Amino acid sequence: MLVLIQRVSQAAVHVDDEVVGQIGPGLLALVGMEPGDTEPQLRRMAERLLGYRVFADEAGKMNRSLRDTAGGLLLVSQFTLAADTRSGMRPSFTSAAPPDEAERGFNRFVRICRENHAPGVETGRFGAHMVVSLVNDGPVTFLLRP
């Protein structure tokens, strides 16, 4: 499992010109599921995502988490994040979870995040062609691994 997080002032996901998820200040998280991702990994990643300190405190240091700021969380499934790009000129997706497994894992991850982040969790639409718009605040972007 890989999660690319971006601190945003706003973000939205459109499918067929319809907004399916949007947030104000918070985190946009692109989620790549890998084969064999387990419940403990999903829980650990949710804990890291919600507790990762990427928001400024009073001194301007990244010392506050999404939990601390009660910001929005927009989760977007992105299988291309798990691509193997180590060689050649075309990505291989053998390192990404198969669609059924990825959807189950992503949906479970969303439920875990919703159980642990009352301010709200929005999502894209699994398997759809999504148009993601965001205003990256910083820019601040990190790749989280379990």
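Biologist: Before turning to this predicted model, what must DSSP find for two strands to pair?

Modeller: Two strands count as paired when DSSP finds at least two bridges between them. In this predicted model, strand 1 and strand 3 (residues 26–32) meet that condition in the antiparallel sense, and the number of bridges over which they pair is seven.

Biologist: Which residue takes a positive phi in the hairpin of strand 1 and strand 2?

Modeller: Strand 2 (residues 18–23) runs antiparallel to strand 1 and is joined to it by five bridges, with Val 13 standing opposite Gly 21. Two residues lie between the strands of this hairpin, and the residue with a positive phi, near 50°, is Asp 16.

Biologist: Why is strand 1 described as largely enclosed by the rest of the structure?

Modeller: Strand 1 covers residues 2–15, and a residue counts as buried when its relative accessible area is under 20%. Strand 1 is largely enclosed because, of its 14 residues, the number that are buried is 10.

Biologist: Which element gives the most residues to the largest nonpolar core?

Modeller: The largest nonpolar core has 27 residues, and those with the most contacts inside it are Val 3, Leu 49, Leu 73, Leu 75 and Phe 109. Two or more residues come from each of strand 1, strand 3, helix 1 (39–51), strand 6 (72–77), helix 3 (99–116) and strand 8. The element that gives the most, with six residues, is helix 3.

Biologist: Which residues does Phe 109 touch, not counting residues up to four places away in sequence, and how many residues has the second, separate core?

Modeller: With those sequence neighbours left out, Phe 109 touches Met 1, Val 31, Leu 42, Met 45, Ala 46, Leu 49 and Leu 75. The second, separate core includes Val 13, Leu 28, Leu 30 and Val 76, and its number of residues is 10.

Biologist: How far apart are the end C-alpha atoms of helix 3, and against which elements do its buried residues pack?

Modeller: At 1.5 Å a residue, the 18 residues of helix 3 should span 26 Å, and the separation of its end C-alpha atoms agrees, at 26 Å. Its buried residues include Ala 102, Gly 105, Phe 106 and Phe 109. The elements against which the buried residues of helix 3 pack are strand 3, helix 1, strand 6 and strand 7 (121–123).

Biologist: Is His 117 buried or exposed, and with which residues is it in contact?

Modeller: His 117 lies in the loop between helix 3 and strand 7, and because its relative accessibility is 3%, His 117 counts as buried. Leaving aside neighbours within four places in sequence, the residues in contact with His 117 are Leu 50, Leu 66, Arg 67, Ala 70, Gly 71 and Leu 73.

Biologist: What radius of gyration does the protein chain have?

Modeller: The protein chain has three helices and eight strands, and 40% of its 146 residues count as buried. For 146 residues a compact globule would have a radius of gyration near 15 Å, and the value for the protein chain agrees, at 15 Å.

Notes. Residues are numbered from 1 along each chain as its sequence is written. This is a predicted model: local features need pLDDT of at least 70, side-chain atom pairs count only at pLDDT 80 or more; totals for chains, interfaces and linings use all residues. Side-chain values use heavy atoms; hydrogens and water are left out. Buried means under 20% relative accessible area, exposed over 50%, partly exposed in between (1.4 Å probe, protein chains only). Helices (H or I, at least four residues) and strands (E, at least two) are DSSP runs, numbered from the N terminus. A nonpolar core is a set of buried Ala, Val, Leu, Ile, Met, Phe, Trp, Tyr and Cys residues joined through side-chain atoms within 4.5 Å. Contact means heavy atoms within 4.5 Å. The radius of gyration is taken over C-alpha atoms; the globule rule is 2.2 Å times the number of residues to the power 0.38. The expected span of a helix is 1.5 Å times one less than its number of residues.
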